Amino acid sequence: MEIVLRRGNLATRAAGALALGIFEGEARLGGAAADVDRASGGAIRALLKTGDFAGRWLESVVLYPSRGKAKRVLLVGLGPRAAFDARRARQTAAVAARRARDLGARVLALVAHGAGGTLDPGAAGEAAAEGALLGHYRHTAYRADAGAPALVRVEILERDATRFASMREAVERGVRIGEGVCLARDLAATPGQDLTPENLADRAREVARASGARATVLGVPQMERLGMGAVLGVGRGSEHAPRFIVLERGAARAKERPIVVIGKGITFDTGGISLKPRENMHKMKYDMSGAAAVLGLFHALPALDLARPVIGLIPSAENMPGGRALKPGDVLRALDGTTIEVTNTDAEGRLVLADALGYARRFRPAAVVDLATLTGAVSIALGHLAAGLFSEDDALAGELLAAGEASGERLWRLPLWDGYAAEMRSDTADLVNSAAREGGAILGAVFLRHFARGMRWAHLDIASTAWAPSDRPLERRGPTGFGVRLLCEWLSREATARTAASSARPRGARARAAGRTRAARA
């Protein structure tokens with residue numbers, strides 16, 4: 001589906017459907033709504049007078065006006081004007097795109113809701129593009145009947161020349177981010193038979209080529225030489241050998257310390273010898289949702305204006321039972337030399353992340369964030385509307401929480417108190433990989449903290465949000481691609497803050513810093 005920004009009037013655009021947002025409790029129509037109402041002979045005002053449509057949040061109705069160029073006019077409720085923000089703008093576009101597709105409209109024309117005053121035009125344009133892609137998304141690769149034909153094009157129309165100019169790059173950014181989320185969803189929806197660690201590495205190479213990044217894939221011999229005993233241990237029960245994927249973008253900017261993002265890449269998780277129950281095991285193809293988010297981020301990176309290099313690390317394995325599989329009671333040695341007694345082979349995600357955190361250290365990162373469908377316990381704690389955030393760095397945690405609110409991918413911070421660490425001690429090795437059921441999400445994070453020591457680090461347990469249990473405005477039931485929009489927002493804000501801080505420094509200080517950089521290069 002193509003998304004384009006056009007200069008023009010919605011009322012005069014010929015399309016299979018026009019989409020308009022209507023604020024709740026406002027009798028007077030303005031802007032594009034007034035134009036379309038006039039062109040349709042007062043059809044919108046007539047409907048509002050009946051009381052059948054009141055503009056309540058995400059309420060929708062379809063009109064078939066006898067006048068005007070559009071076949072259909074789709075009205076979507078925006079709710080109260082005071083509550084309208086970028087998250088609601090995104091969801092409005094999503095509902096419009098999905099409804100237009102299901103109606104067989106083929107071409108949808110809409111405005112960037114909020115651009116006329118409630119929101120910054122750029123934010124409104126980005127939200128419209130992103131929301132249309134996410135609401136329209138379906139995973140149909142394995143379906144004989146895909147349902148209603150996909151939309152061919154979504155046109156975002158803007159009459160005002162100044163607003164149009166400020167929206168151009170924002171719409172392109174929204175498209176790229178939305179595509180990144182859809183890529184992550186596709187990967188997490190792909191059956192394990194078709195997405196082994198080797199296949200995931202191939203997809204990572206494709207993403208790298210398309211986004212101007214460099215991809216390096218470590219196989220078993222390289223991992224053995226490095227001492228990645230944790231990743232190798234998890235993967236040894238499968239006939240599909242593990243892979244360790246490294247993505248680098250902007251690495252030539254050596255003066256800047258990179259940001260490292262790590263995604264858990266378990267392409268299928270049976271639980272190993274500690275076998276999971278059969279209920280819902282078919283969903284365990286999505287246990288690589290952290291890896292999918294990292295690849296979705298790298299797809300979006302060309303649209304983000306970042307000064308720092310970004311490194312993506314994906315430890316990937318298939319967790320299977322078998323004659324060579326890891327057994328409860330076995331001891332592994334991680335990349336950093338830590339020995340781990342495996343008390344539960346179904347707590348495998350933290351094992352592969354342990355080696356990834358050890359590998360991240362070589363980049364001297366400014367910050368490290370890992371994303372993983374780590375524990376079912378986080379879903380018990382938070383339900384399906386927030387992911388768990390763990391960090392001892394208050395500033396980093398604050399940045400991620402703010403990015404979560406802005407992107408709509410919300411986080412909730414949970415503790416990392418030292419008292420929990422006692423439960424992860426082993427009588428046989430340095431650590432156990434699993435302990436009590438109580439506080440399971442916290443204990444998993446405490447285990448990871450050991451391998452992140454000395455780094456500015458945050459862990460996101462996305463098991464609660466990586467799979468939607470029901471249809472929602474931005475996603476259908478199934479993989480959500482959670483983390484892509486959050487990471488894009490966080491990295492963009494971090495870049496903006498650094499630019500502002502640099503601009504605020506006295507001119508002499510900037511000159512001295514530049515001189516030190518030149519001297520260091522010499």
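Just after helix α1, Gly-41 takes a positive phi of about 75°. Keep in mind that this is a predicted model.

**Helix α1 and its neighbours**
- Helix α1 spans residues 31-39, and its buried residues are Ala-33, Ala-34, Asp-35, Val-36 and Asp-37.
- Those buried residues pack against three elements: β2 (17-23), α2 (43-50) and β4 (73-79).

**Aromatic pairs**
- The structure holds 6 aromatic pairs.
- One of them joins Phe-244 and Tyr-359 in a tilted arrangement, with 4.9 Å from centre to centre and 55° between the planes.
- This pair links distant parts of the chain: Phe-244 lies in strand β8 (residues 243-249) and Tyr-359 in helix α10 (residues 349-360), 115 residues apart.
- Phe-244 counts as buried because its relative accessibility is 0%, under the 20% cut-off.
- Tyr-359 has 9% relative accessibility, so Tyr-359 counts as buried too.
- Another pair is made by Phe-447 and Phe-451, whose ring centres are 5.2 Å apart; their planes meet at 50°, so this pair is tilted.
- Phe-447 and Phe-451 are separated by about one helical turn, because they are 4 residues apart in helix α13 (residues 440-452).
- Phe-447 is buried, with a relative accessible area of 1%, and Phe-451 counts as buried at 1% relative accessibility.
- Ring pairs also link Phe-244, Tyr-359 and Phe-363 into a cluster.

**Charges over rings**
- Elsewhere, the ring of Trp-57 has the charged end of Arg-88 over it, 4.3 Å from the ring centre.

**Nonpolar cores**
- In soluble globular proteins, nonpolar side chains tend to be buried together.
- Which residues touch the most other members of the largest nonpolar core? They are Phe-298 and Trp-490, in a core of 64 residues.
- Helix α9 (residues 289-300) gives this core its largest share, 8 residues.
- Leaving aside residues up to four places away in sequence, Trp-490 touches Ile-259, Ala-367, Val-369, Leu-396, Glu-399, Leu-400 and Ala-403.
- A second, separate core has 51 residues, including Phe-244, Leu-357, Val-368 and Leu-443.

Terms used: Residues numbered from 1 in each chain as written. Predicted model: local features only at pLDDT ≥ 70, side-chain atom pairs only at ≥ 80, totals over all residues. Heavy atoms only, no water. Buried < 20%, exposed > 50% of the residue type's maximum accessible area, 1.4 Å probe, protein only. Helix = DSSP H or I, 4+ residues; strand = E, 2+ residues; numbered from the N terminus. Contact = heavy atoms within 4.5 Å. Phe/Tyr/Trp six-rings, centres within 6.5 Å; stacked < 30°, edge-to-face > 60°. Lys NZ or Arg CZ within 6 Å of the ring centre and 35° of its normal. Core = buried A, V, L, I, M, F, W, Y, C linked by side-chain atoms within 4.5 Å.
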